[in-house]
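Visitor: I have a protein model to look at, and I am new to this. Can you take me through a few spots?

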Amino acid sequence: MKVKRWTALALSACMAASLAACGGSGAGESGTKGAGETKEAGESTGKSDAKSDASGTELSVTIWDNNQEPGIKEILADFTKETGIQTKISVVKWNEYWTMLEAGAQGGSLPDVFWMHSNESERYMSNDMLLDLTDKIKESEKIKVENYPEDIWGLYTYKDHYYAVPKDVDTIALWYNKKLFDEAGLAYPTADWTWDDLTEAAKKLTKPDGSQYGLALKMDNNQAGYYNLVYDKGGYIINEDKTKSGWDDPKTIEGMNILAGWLKDGVIPSAQTQTENGEDVLLQSGKVAMALQGSWMVAAYRDNEYTAENCDIVELPKDAVTGRRVSIYNGLGWVAAKNGKHTEEAWKLIEYLGSEEAQRKQAELGITMSAYKGTSDAWAKSAKFNLQAYLNMMDDMVIRPYSKSTVTWETADNEIITKVYTGELTMEEACKKMAEQMNEKLAEEK
């Protein structure tokens, strides 16, 4: 292990408090953070009644989203029934997850199998901490590269070697509170809406006394939030060869000025309010009428009595000028520790989790949209919401912007954007500052 490099990079990982999907703000994001109360490591097991294999192997499996745990446990039980290999699943809160992996990486005690996110993948791949799956994938009958999105493979490929099998795909859609729309006498959002339509509705749904807002969008909600505005306008966050930031591009600033307008109009809760109460909490308590959310949030809203009764989903609005309706998308990967004690068994589990059988069941159980092509139609039937909206958002997808140092420049971006929310910076000033700091970090990657 490259100790000096890993130690230096570890410092930046401790700053990784914002992501979304499979990522950013909000629970369960593939995003990223786990919704609600999350279990501490080792609290939950996914054992089945099947007898253990001859070696008595028990694989440790670690994830960060407790909304996905019940369904994944069921799939792990299927794996045990088929192979005799036992598993034990642990759910660790998003921020603590990466701290746990840091400690495990330096101490040689990573979980056998665990989730990897695009923001962190290159650090772990380049530091030789993950099991190289290239040859195993090449020989596998269950895992064929062409059956998964090429961009997702790209997130977990380093120097032409594969280090993960894609777990899922996520897209972004608009959640709205039917009850609040009814009370205001407004028609529900449709797929024909533009961002101008959303703005006008948000104004009408915001109450002067601060008891209700038209829209929730947190300062760190990039994947599910303002990144989509940027790409609708033809802007970009990072160029294709990952050498230059697009934050200071005029079209990027134009997209971000939509958010600036919402802040000026007072249709979004304050930075303090959204720091104390996430978008999910505000939507679940009837404090906001709309929220941009990733598909990884469906389970949380399905299992919440208020949102299950009062909320629904529609495609994101489109830009009135360009006509684009972009969804930033991402996907998690199943990985194994290179120095694990059970690497062969770990590969068997990853191969199973990525198989068409397990991916289809993941969708049917409503865990999340699956990465295996053609299996997510079943997911659209897993809840009473209009989940088809998320599938429709696959028509124009842009992979979540990333580079080697995503965590560091995104963390800095979040701090700068917060100053727009608090009135310390204009949006144009913030965008130029974000471009400057991001270009410095991209230059250091060379």
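Visitor: Which residue takes a positive phi just after α3?
Guide: Keep in mind that this model is predicted. Helix α3 covers residues 94-107. Just after α3, a phi of about 75 degrees belongs to Gly108.

Visitor: How far does α3 reach from its first C-alpha to its last?
Guide: Helix α3 has 14 residues. At 1.5 Å a residue, 20 Å is expected. The model comes close to that, with a reach of 20 Å.

Visitor: Is Ser370 buried or exposed?
Guide: Ser370 sits in the loop between α16 (356-364) and α17 (388-392). Its relative accessible area is 5%. Buried means under 20%, so Ser370 is buried.

Visitor: Which side chain joins that of Ser370 in a polar contact of 2.9 Å?
Guide: Start with the contacts of Ser370 beyond four places in sequence. Among them are Lys167, Gln359, Gln362 and Thr375. The side chain in the 2.9 Å polar contact with Ser370 is that of Gln362.

Visitor: Which element gives the largest share of the lining of the largest cavity?
Guide: The largest cavity has a volume of about 50 Å³. Its lining includes Ile72, Trp334, Gln359 and Gln362. Two or more residues each come from α2 (69-83) and α16. The largest share, three residues, comes from α16.

Visitor: How many charged residues are in the lining of the largest cavity?
Guide: Sort the lining by class. Five residues are nonpolar and two are polar. The number of charged residues there is none.

Key
Residues are numbered from 1 along each chain as its sequence is written. This is a predicted model: local features need pLDDT of at least 70, side-chain atom pairs count only at pLDDT 80 or more; totals for chains, interfaces and linings use all residues. Side-chain values use heavy atoms; hydrogens and water are left out. Helices (H or I, at least four residues) and strands (E, at least two) are DSSP runs, numbered from the N terminus. Buried means under 20% relative accessible area, exposed over 50%, partly exposed in between (1.4 Å probe, protein chains only). A polar contact is a pair of N or O atoms within 3.5 Å; within protein, one must be able to donate a hydrogen and the other to accept it, and residues adjacent in sequence count only if both atoms are side-chain atoms. Contact means heavy atoms within 4.5 Å. On a 1 Å grid over the protein atoms alone, a cavity is a set of points where a 1.4 Å probe fits but cannot get out, and a pocket is an open set with protein on both sides within 12 Å along at least five of seven lines; lining residues have an atom within 4 Å of a point. Grid points are joined across faces, edges and corners, and a volume is the space filled by probe spheres set on the points. Ala, Val, Leu, Ile, Met, Phe, Trp, Tyr, Cys and Pro count as nonpolar, Asp, Glu, Lys and Arg as charged, and the others, Gly among them, as polar. The expected span of a helix is 1.5 Å times one less than its number of residues.
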